[in-house]
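User: I'm new to this one. Can you put it up and walk me through a few spots?

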Amino acid sequence: MDPLRMAARRMLKAVLVDLSGTLHIEDSAVPGSQEALKRLRNAPVAIRFVTNTTKESKRDLLERLKTLEFDIAEDEIFTSLTAARNLLEQKQVRPLLLVDDNALQDFRGIPTNDPNAVVVGLAPEHFNYQMMNKAFRLILDGAPLIAIHKARYYKRKDGLALGPGPFVTGLEYATDTKATVVGKPETTFFLEALSGTGCKPEETVMIGDVSVTAEIAGMMSVEPRMLAC
């Protein structure tokens with residue numbers, strides 16, 4: 001049976017749509033993705049766009065998507081950067097931010113002087129010995145390690161590239177500690193993305209690429225439904 005019809009029979013009310021690798025790869029739209037989103041807009045469901053990308057702020061990401069002619073509003077996007085900021089505000093800590101410079105905008109207003117926490121995202125320009133050693137020493141002194149996500153790799157136009165996961169794992173190993181992960185596939189990430197929609201996980205499907213299928217398996221107490229595109 002067609003998965004869309006099966007989902008409709010189960011009172012589908014919300015759709016979570018992955019971005020990188022599903023709607024676009026860097027500055028190129030995935031073929032057919034704009035048309036697919038237009039069709040989805042005609043369905044009576046709440047739509048939220050979720051992403052683990054830490055290479056750019058939400059505003060820059062939105063501009064990229066608009067340039068690619070996607071009809072998406074800023075308040076429909078929930079990123080792992082947003083989840084990380086929410087946790088920092090909750091814990092009231094001052095982070096050492098190992099994130100791309102383009103992502104710093106999403107942490108404006110968060111104090112970073114005399115850091116007492118470590119936040120790791122995708123930061124190719126900052127993954128050097130000096131910065132990793134600084135993070136290592138902070139964690140040894142008791143600073144919590146917060147991973148925006150632990151992806152092993154991600155997709156670029158020129159092929160696969162290392163994600164932040166190997167660097168987070170290295171810090172975990174060196175400090176004998178465990179990172180708090182805030183992005184996909186953590187349950188809290190998806191629940192935060194759904195907040196405000198009034199929808200429950202069992203009323204929701206996730207649209208993503210093959211890697212998202214692996215991420216999401218078992219994330220909620222009620223098995224989520226998946227439409228891989």
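User: Is glutamate 69 buried or exposed?

Analyst: Glutamate 69 counts as exposed, because its relative accessibility is 65%. Exposed means over 50% relative accessible area, buried under 20%, and partly exposed in between, with a 1.4 Å probe and protein chains only. This is a predicted model, where local features need pLDDT of at least 70 and side-chain atom pairs count only at pLDDT 80 or more, while totals for chains, interfaces and linings use all residues. Residues are numbered from 1 along each chain as its sequence is written, and side-chain values use heavy atoms, leaving out hydrogens and water.

User: Where is glutamate 69 placed?

Analyst: Glutamate 69 lies in the loop between helix H3 (58-67) and strand S5 (77-79). Helices (H or I, at least four residues) and strands (E, at least two) are DSSP runs, numbered from the N terminus. The phi of glutamate 69 is near 70°, a positive value in a residue other than glycine.

User: And what is phi for glutamate 26?

Analyst: For glutamate 26, phi is near 55°, also positive and in a residue other than glycine. That residue sits in the loop between strand S2 (24-25) and strand S3 (28-29).

User: Which peptide bond is cis around proline 185?

Analyst: The bond from lysine 184 to proline 185 is cis, with omega near 10°. Proline 185 belongs to the loop between strand S11 (180-181) and helix H7 (187-194).

User: Switching to serine 33. Buried or exposed?

Analyst: Serine 33 is buried, because its relative accessible area is 5%. It is found in helix H2 (residues 33-41).

User: What does serine 33 touch?

Analyst: Leaving aside residues up to four places away in sequence, serine 33 touches Thr22, Leu23 and Phe70. A contact means heavy atoms within 4.5 Å.

User: Now strand S6. Which way do its side chains point?

Analyst: In S6 (residues 95-98), Pro95 and Leu97 point one way, Leu96 and Leu98 the other, and all are buried.

User: Which strand pairs with S6, and in what sense?

Analyst: Strand S7 (residues 117-120) pairs with S6 in the parallel sense, over 4 bridges. Two strands pair if DSSP finds at least two bridges between them. Leucine 96 stands opposite valine 118 in S7.

User: How many helices and strands are in the protein chain?

Analyst: There are 8 helices and 13 strands. The chain has 229 residues, of which 49% count as buried.
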